[in-house]
Amino acid sequence: MKIVFASDSFKGSLSSEKISKLLEEVTPKVFPQAQLVSLAVADGGEGTMSVLVKALNGSIKEVITRNPLGKKIKASYGLLPNQTAIIEMARASGLPLIEKKERHPMKTSSYGTGLLIRDALDNKVNHILIALGGSATNDGGMGAMSALGFRFFDKNGHQLKGSGQDLWQVSEIDVSHAHQRLKEVTITILSDVTNPLLGDKGATYTYSKQKGANSSMQELLEAGMTHFAKIVEKTTNKQLKNLQGTGAAGGLAFSLMAFLKADITPGIDTILDFLSFDNLIKDADLIVTGEGRLDKQSSFGKVVSGISKRGQKFGIPVVAIVGGLSENYENIYADGLSSIITTVNRIMPFEEALKNSEELYKDAAYRILNAVKVGMTISQKNKNI
């Protein structure tokens with residue numbers, strides 16, 4: 001019997017690697033003869049760089065860049081085989097990099113992410129994966145493009161730095177000083193976000209509140225983003241603002257697709273392909289996956305969804321161990337998931353669940369593996385009838 005472990009991390013408590021170790025500890029108690037294969041996975045969000053660098057024997061490149069408010073910081077990206085780089089936007093432009101009281105999407109910029117991309121270009125990579133998620137910005141990607149040599153001017157000819165408050169001031173864009181290697185490099189955006197750039201479901205109205213925007217600020221940002229999109233589309237002759245996914249990371253996806261040779265794809269599928277996941281599971285009998293919380297969004301490019309679909313493709317049952325369930329979580333069954341169990345085994349405060357996350361996870365694993373064993377026993381009895 002071959003069992004594959006491929007779970008996302010539980011944010012704030014358990015890493016993907018730790019979960020695999022817990023499963024390796026518990027599984028022999030139920031299936032002592034099983035062959036166990038562990039794989040750390042991510043969906044294009046937090047942890048993506050570490051997963052790919054480790055699995056593909058890549059390396060880490062540390063550089064000096066800027067945080068969302070322009071402060072100098074050290075950040076890293078991954079160098080992978082075949083002249084490929086993996087960049088997590090959150091490492092330079094992420095929400096956790098600034099204090100809650102400092103969150104201000106009028107002032108924050110994706111400039112630091114652009115510096116990471118520039119360094120990767122200087123390292124002669126030919127393919128850049130950019131994992132979007134967890135951004136503190138709502139600048140339409142202007143900051144990142146500025147770091148790559150694109151120049152944005154107001155009506156008086158003054159060059160703009162690139163932040164949320166600069167969006168509505170853009171009058172002209174000069175692309176002649178852009179990094180020369182951008183013409184040679186393929187860029188793949190990893191994102192599970194389907195929001196367009198503008199509107200009620202766009203970047204501003206969906207995500208800017210958590211980045212520090214109030215209602216009046218949202219109105220200004222949306223007006224600015226609308227103006228910015230008009231100028232960008234006129235400059236690049238690309239109509240993208242209504243395209244699904246362009247609202248990801250405060251609109252960074254929009255500028256990446258408008259100015260660079262970038263395509264957007266669900267992160268989990270690209271990552272599973274990089275990890276040769278299909279070859280790993282094709283002779284497996286069971287896959288154990290999971291994530292911190294299953295909800296109505298889990299079917300849109302998340303780890304459990306992506307792995308369930310791969311299992312379904314090969315006729316392999318997939319079970320999920322999750323921290324919690326939210327409304328409409330059951331939509332995930334349509335992706336091929338066989339069963340779900342939560343780590344919380346009684347009523348308890350959230351803090352207690354975090355504190356005891358390892359023991360709770362092992363208990364949940366033991367329960368669901370025993371349920372799998374029962375199913376196998378029933379199946380065997382039916383064969384003998």
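**Close-up views of a predicted model**

View 1. Leaving aside residues up to four places away in sequence, Leu129 touches Leu52, Leu80, Thr84, Ala85, Ile86, Ile87, Thr188, Leu190, Thr270 and Phe274, where contact means heavy atoms within 4.5 Å. Do keep in mind that this is a predicted model, in which local features need pLDDT of at least 70, side-chain atom pairs count only at pLDDT 80 or more, and totals for chains, interfaces and linings use all residues. Residues are numbered from 1 along each chain as its sequence is written, and side-chain values use heavy atoms, with hydrogens and water left out. Leu129 sits in strand E6; helices (H or I, at least four residues) and strands (E, at least two) are DSSP runs, numbered from the N terminus. Its relative accessible area is 0%, so Leu129 is buried (buried is under 20% relative accessible area, exposed over 50%, partly exposed in between; 1.4 Å probe, protein chains only). Between Leu129 and Ile86 the C-alpha to C-alpha distance is 4.7 Å, although they are 43 residues apart in sequence.

**View 2. Helices H7 and H8 side by side.** The axes of H7 and H8 come within 10 Å and cross at roughly 10°; axes are lines fitted to C-alpha atoms, for helices over the stretch in contact, with angles from 0 to 180 degrees between N-to-C directions. The two helices, H7 and H8, are therefore roughly parallel to each other (under 35 degrees; over 145 is roughly antiparallel, 65 to 115 roughly perpendicular, and the rest oblique). From H7, Met225, Phe228, Ala229, Val232, Glu233 and Thr236 meet Gly250, Phe254, Ser255, Ala258 and Phe259 of H8. Sorted by class, this contact of H7 with H8 has seven nonpolar, three polar and one charged residues (Ala, Val, Leu, Ile, Met, Phe, Trp, Tyr, Cys and Pro count as nonpolar, Asp, Glu, Lys and Arg as charged, and the others, Gly among them, as polar).

**View 3. Thr236 in helix H7.** Helix H7 spans residues 215–236 and includes Thr236. Thr236 has a relative accessible area of 18% and is buried. Beyond residues up to four places away in sequence, Thr236 touches Ala258 and Phe259.

View 4. Searching the whole structure gives five aromatic pairs; rings of Phe, Tyr and Trp (its six-membered ring) pair if their centres lie within 6.5 Å, and planes under 30 degrees apart count as stacked, over 60 as edge-to-face and the rest as tilted. One of them is the tilted pair of Phe150 and Phe259, 4.9 Å centre to centre with 45° between the planes. This pair links distant parts of the chain, 109 residues apart: Phe150 is in the loop between helix H5 (142–147) and strand E7 (151–153), and Phe259 is in helix H8 (residues 248–259). Phe150 is buried at 4% relative accessibility, and Phe259 is buried with a relative accessible area of 12%. Phe228 and Phe254 make an edge-to-face pair, 6.4 Å centre to centre and 65° between the planes. Phe228 lies in helix H7 and Phe254 in helix H8, so their pair ties together parts that are 26 residues apart in sequence. Phe150, Phe152, Phe228, Phe254 and Phe259 form one aromatic cluster.
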